[in-house]
Amino acid sequence: MVVENPIVDLLVVGGGTAGIIGATTAAGFGARTLLVEQARTGGDCLWTGCVPSKTLLSAAEHAMTVHALTGQPPRFAAVRQRIFAAIRTIEPVDSPAALEAAGVQVITGTLTFRTPGVAEVDGTTIRFRQALIASGAAPVNPGIPGLAPRRLSPRTRSGNSMPFRRGWPLSEAARSPANSGKPSPASDRR
Ligand SMILES: Cc1cc2nc3c(=O)[nH]c(=O)nc-3n(C[C@H](O)[C@H](O)[C@H](O)COP(=O)(O)OP(=O)(O)OC[C@H]3O[C@@H](n4cnc5c(N)ncnc54)[C@H](O)[C@@H]3O)c2cc1C
């Protein structure tokens, strides 16, 4: 892969919200800007965070209204379709093509810093003046008893069933005999 500019003014690591805004702002000021994204531009906000979660809330409200008026139960398949449609609508705004149109060079790959002013993306050397690290974050388990990480079952992740039925997933506390029969607290159903 050939990076057009031998030295970029701003190297942006990560094509999530922070990287996209940083890169387009810098390019708007005339800086030679290169953004490196290892997966899909758009980041958490587009694919798993803001967009799907707010669409889910709006779809849930709609489903409850329909349920109240017609007695029809919510259809999770329809909710999923609505979420995917929202992502598809916004995706072009965060796309590499939109970034390139804003003057940002985009390459796909995992960036590693080598020495000051030098980085590497899958074997390609990049020289830069400044870097913006916008590589996101990951949750950590604070180790509080009862907060053991829960995984969604593959069926829930890929299927059209409702992900959070009453009583699943339960925290260790909610599993105890003293709490049996009570619905799990809202904090367990995230
Ligand atoms: C369920 C949920 C709902 C949310 N709702 C809202 C909301 O309503 N409003 C709001 O403001 N915020 C919301 N957020 C928070 C918001 O999604 C995040 O704050 C935002 O997405 C963070 O953006 P970011 O650019 O910092 O990181 P990310 O979006 O995580 O992007 C980082 C990118 O860097 C890339 N990357 C990492 N390392 C490398 C590397 N070495 N080389 C190349 N690329 C790399 C990753 O692939 C990733 O694409 C929500 C979050 C969640 C989880």
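Two residues are in contact here if their C-beta atoms, placed from the backbone, lie within 7 Å. I need that first, for the contact count below. I also note that this is a predicted model.

**Overall fold**

I started with contacts in the chain that have a separation of 6 or more, and residues 24 or more positions apart account for 61% of them. Then I checked burial: the chain has 190 residues, and 20% of them count as buried. I counted elements next and got 7 helices and 6 strands. Reading from the N terminus, I get the order β-α-β-α-α-α-α-β-β-β-β-α-α.

**Strand pairing**

In which sense do β1 and β6 pair? I find them parallel, with 6 bridges between β1 (residues 7–13) and β6 (residues 124–133).

β5 and β6 make a hairpin, and I count 2 residues between the strands. One thing I jotted down about that turn: D122 has a positive phi, about 45 degrees.

**Nonpolar core**

Next I went for the largest nonpolar core, which has 22 residues. Inside it, L11, V12, A23 and L35 have the most contacts. Who supplies the residues? I get at least two from each of β1, α1, β2, β3 (104–108), β5 and β6. β1 gives the most, with 5 residues.

Skipping its neighbours within four places in sequence, I find L35 in contact with V12, G15, G19, A23, L99, V104 and V106. Two of those names, V12 and A23, were already on my list of residues with the most contacts inside the core.

**Ligand shell**

Last stop was the ligand. Which residues come nearest to it? Of the 24 residues around the ligand, those are G14, G16, G43, G49 and G136. I then asked which elements give two or more residues to this shell, and the list is α1 (17–28), β2 (33–37), α2 (43–47) and α3 (50–70).

By class, I sorted the shell into 8 nonpolar, 13 polar and 3 charged residues. On domains, I find at least three shell residues from domain 1 (1–41 + 95–136), and at least three from domain 2 (43–88 + 146–180).

Note on methods
Residues numbered from 1 in each chain as written. Predicted model: local features only at pLDDT ≥ 70, side-chain atom pairs only at ≥ 80, totals over all residues. Near = placed C-beta within 6 Å. Helix = DSSP H or I, 4+ residues; strand = E, 2+ residues; numbered from the N terminus. Nonpolar A, V, L, I, M, F, W, Y, C, P; charged D, E, K, R; others polar. Domains from an automatic or database assignment. Pairing = 2+ DSSP bridges. Buried ≥ 20, exposed ≤ 12 C-beta atoms within 10 Å, placed from the backbone. Core = buried A, V, L, I, M, F, W, Y, C linked by C-beta atoms within 7 Å.
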